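This report describes one protein together with its ligand. Look over the sequence and the structure before reading on.

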Amino acid sequence: MTTATPDTATGTLEIRPLNGPLGAEVLGLDLSRDVSLEDFRRIHRAHLQHHVLVFRNQRITPAQQVRFSARFGPLQRHVLSQFALPDHPEVLVVSNIVENGQPIGLGDAGHFWHSDLSYKERPSLGSFLHAQELPSAGGDTLFANQHRAWEDLPLALKVAVASARAEHTYTARYAELQARSPWRPNLTARQLAEVQPVVHPVVRTHPETGRKALFVSEHFTTRIVGIPEDESRALLDELFARSTRPELQYRHVWRPHDMVFWDNRSVTHLAAGTPAHLRRKLYRTTVEGDVPF
Ligand code: SIN
């Protein structure tokens, strides 16, 4: 197996911005082959500029997804390791499919707005999701631009949260999700130890662009530290509503073999839902990021 990275660009790579507050399509690139340094740099810049990249028509294996994802940094493993691919523990299966009475993946990943792994000391830089099997209706993924969410806040709210810190907890809504999805396993003691609550700034600075972004989500952010519970609840509810306004959103309607790569430091996302009788399966890899500041 060769791991060498060619320096010569394909010459066919095209980055086409989508209409809207974020997102670009990446065309003319085959991720089953080595991506040249020049093309990789263009993709990296486009990711910082557009926050969500849609690579069309990628017929790639999990190993090829892992290899390309790992060019952006070390890969993270999801705490629900039972839903990882056996041969590729970095690949989380996101799927509502049940085989022999057992779920093959995390069927309700993304049910609430969130930024991936924000409950870790080092949340994800970005995530890749590669379509394996798509439903004939539904199954879209929504993304909301958190730079714009911060910039659009009224001044008084900006002042109130500019230097605030908030707790992020993986288990915050776990019981609620288990009530909806009884297949969700109880967490073992080892898994619980992996996901202890962490505290991050409410407004983070993107480590590569220097832009500020809101960094709270209805899934994982439980409270703003150092203020009374009722004030914290009211502030968070207002931030959640403002951070997911329709004008900040891009709706990704999946096409066969799409791979989407988003910046968790710039966007939050939501799985819009799939009718229970339709099958949906995607493979997710996540790249570790910095400690937010
Ligand atoms: C996720 O939140 O990582 C999954 C999103 C989706 O299934 O659309």
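Predicted model: local features only at pLDDT ≥ 70, side-chain atom pairs only at ≥ 80, totals over all residues.

## Nonpolar cores

The largest nonpolar core has 26 residues. Those that touch the most other members are V52, L80, F143, Y170, V260 and W262. Four strands each supply at least two residues of this core: β3 (52-55), β6 (88-95), β9 (124-133) and β17 (259-263).

Take V260 as an example. Beyond its neighbours within four places in sequence, V260 is in contact with V52, L53, V54, S127, F128, L129, F143, H252 and W254. Another core, of 21 residues, lies apart from the largest one, and its members include A164, A166, V202 and F240.

## Helix α1

Helix α1 runs over residues 37-50, which makes 14 residues. From first C-alpha to last, α1 reaches 20 Å, close to the 20 Å expected at 1.5 Å a residue. The residue that follows α1 is H51, with a positive phi near 75°.

Buried residues in α1 are D39, F40, I43, A46, H47, L48 and H50. Their cover includes the strands β1 (14-17), β2 (24-27), β3, β9 and β17, as well as helix α2 (62-69).

## Ligand site

Around the ligand are V94, A109, G110, H114, D116, L129, T141, H269, A271, R280 and R284.

Terms used:
Residues numbered from 1 in each chain as written. Heavy atoms only, no water. Core = buried A, V, L, I, M, F, W, Y, C linked by side-chain atoms within 4.5 Å. Buried < 20%, exposed > 50% of the residue type's maximum accessible area, 1.4 Å probe, protein only. Contact = heavy atoms within 4.5 Å. Expected span 1.5 Å × (residues − 1). Near = heavy atom within 4 Å.
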